[in-house]
Amino acid sequence: MDISSYLDRDYLVTCYLQNVTNTLQLRKLEDGSLIKQFPLGLGTITGFSGRAQDTEMFFVLSTFLTPGTIYHVNLKDSGHSRICSCLCPAGSSKMKCRVFKECSPEGFDPTNYTTSHVFYSSKDRTPVSLFIVHKKNLVRNGKSPCLLYGYGGFNETVKPKFDAINIAFIQSFDGIYAQANIRGGGEYGRKWYEAGIRLNKQNCFDDFQAAAEYLIKNKYTCSEKLAIRGNSNGGLLVGACINQRPDLFGAAVAGFGVMDLLRFHKFTTGPCWISDYGCSDDKVDFENLLKISPLHNVKAPEDQKTQYPAVLLITGDHDDRRAEFLDPQGKYRLEWFTDWNRKIVTFNVTVQTRGYVGLGLTNNGKMSGADVVIGGVKPNGKTYFSDRHAVGNQLPVLDLSQDWELLSAWESETHTSISFSRAFDTCDPEDYALTVSLKQYGILNFDKMLNFLLILFSSFITQEDTVTLIWAYGEKDNEIGYHYRNRGIYKVFLLEPDYSPQIIRDSKNRNPKVISKGSTDLKLWTINRRYQLTSADTSYICTMHRGPRLQRKHHVVGVN
């Protein structure tokens with residue numbers, strides 16, 4: 001029930017949600033018997049006004065084709081209702097329901113369009129609601145562009161509502177707008193919601209993909225002209241579906257999606273979402289999330305006929321569904337990968353500078369005693385790199401032996417990028433070994449336990465699960481100093497086998513090796529990823545710089 005109001009001392013007005021649309025009823029207060037039901041069509045009541053001492057009421061009705069129409073009902077009036085054509089009890093037909101105020105976009109005639117409400121079968125034969133909006137003269141030949149929207153999460157009901165963007169799409173491109181009420185939402189009560197959360201989250205994706213198959217099978221559209229869209233939890237929905245069925249869609253728009261289901265609970269308001277997604281700290285949840293997390297299931301197409309659709313990813317400078325910033329100035333970006341077979345941590349650093357780049361590991365959050373690595377690219381193109389150790393308030397001094405290895409370095413007109421690695425254990429007494437605790441390890445099977453014991457007994461000094469990184473950079477080459485302006489600290493989990501794993505299997509598809517990885521997002525939003533294409537031996541680097549502050553408006557990035 002959405003609305004319950006006492007009216008004219010003897011009446012009760014109720015508004016129910018029935019098959020994802022609102023039903024408005026007038027009942028006797030004495031016994032609850034039905035006096036009149038107002039047939040509202042496929043719409044949503046977004047506002048209501050009426051008091052116990054009043055003999056009249058107002059309500060606002062919104063549909064896919066009307067932004068909001070205010071209706072007035074007077075219990076003492078007589079006359080015919082503009083929207084009431086039902087068979088009502090004797091005497092109730094005297095109630096007049098008239099349009100009090102109507103709002104319609106200029107140049108748009110809703111009578112030229114139609115909305116249908118159908119039900120289709122999901123993968124497990126569960127009936128799912130689907131709204132379809134298009135022009136009345138649509139020819140169903142499978143060639144019309146179609147936009148499919150979904151959410152399916154947090155017990156939220158996706159009701160019929162007016163959206164000018166959807167109308168513009170339908171009007172300008174002879175398109176179709178479809179809205180699927182998939183499991184995980186609140187359309188059909190608690191059971192419907194629970195059927196789309198945690199271990200049942202895959203049901204949401206199955207429902208959405210089945211909606212796409214329904215539209216294609218019934219010749220509304222084809223896969224090449226079918227686009228999907230979703231925001232927040234809906235962004236996750238889009239990300240998961242293009243991973244699982246890239247052949248089903250021609251384009252995808254994912255806004256503010258929770259794309260990393262293994263680490264979302266570590267940042268901002270992420271713990272609040274555990275109710276729907278589960279938590280990777282739990283073994284059962286981890287195994288389920290690993291299968292559906294969009295970030296961890298991106299893969300190269302199996303053949304040229306099955307390519308990913310065109311994808312538009314949207315985020316914003318106040319989007320709390322991405323990780324915390326490392327550098328407040330937005331100039332330092334860090335990414336790390338942990339190889340448990342070789343027992344090596346690899347760091348990729350990109351900094352907005354043409355000077356040196358520094359990174360340190362410490363277990364106490366202080367510069368003194370940190371294991372520091374410094375590198376950069378000279379004007380002549382040659383690299384410089386050294387392993388250092390911080391002592392007190394002095395300049396970092398060279399270590400007795402070099403624990404770090406330079407993998408690559410390059411410099412653009414504005415940025416310096418360096419990749420280097422370090423083993424879990426160390427070569428000199430000034431540094432300390434990277435180890436993890438039994439709690440951090442999670443599942444204590446034989447292989448992990450053996451690795452843990454090897455690391456533990458090969459280390460002279462152990463540390464807590466959390467490692468504190470000290471990052472720094474200089475404005476000029478070789479400007480290495482103990483300064484405070486361009487450096488800071490950040491706590492991370494470097495050795496975390498149960499977070500963000502990337503599964504690599506051998507040729508016989510056995511004995512998977514887990515490589516855990518993590519990253520931090522910065523305000524600079526510099527993307528430095530190389531994607532190897534299957535059709536050509538070519539690598540692509542996409543770098544995006546932060547635009548001007550747009551007064552809290554969103555920044556949009558598109559990648560095809």
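1. Helices here are DSSP runs of H or I with at least four residues, and strands are runs of E with at least two, numbered from the N terminus. The model is predicted: local features need pLDDT of at least 70, side-chain atom pairs count only at pLDDT 80 or more, and totals for chains, interfaces and linings use all residues. Residues are numbered from 1 along each chain as its sequence is written, and side-chain values use heavy atoms, without hydrogens or water.

2. Check the loop between β11 (146-149) and α1, where Phe-154 sits. Phe-154 is not a glycine, yet its phi is positive, about 55°. Most residues other than glycine have a negative phi. Phe-154 is partly exposed, at 22% relative accessible area (partly exposed lies between buried, under 20%, and exposed, over 50%; 1.4 Å probe, protein chains only).

3. Asn-155 is also in the loop between β11 and α1. Its phi is positive too, near 60°. Asn-155 is partly exposed, with a relative accessible area of 37%.

4. Two cavities of 30 Å³ or more are present. A cavity is a set of points on a 1 Å grid over the protein atoms alone where a 1.4 Å probe fits but cannot get out; lining residues have an atom within 4 Å of a point. Points join across faces, edges and corners, and volume is the space filled by probe spheres set on them.

5. The second largest cavity holds about 30 Å³. Its lining includes Phe-64, Val-133, Lys-161 and Asp-163. Helix α1 (residues 164-173) gives the most to this lining, three residues.

Definitions and conventions: On a 1 Å grid over the protein atoms alone, a cavity is a set of points where a 1.4 Å probe fits but cannot get out, and a pocket is an open set with protein on both sides within 12 Å along at least five of seven lines; lining residues have an atom within 4 Å of a point.
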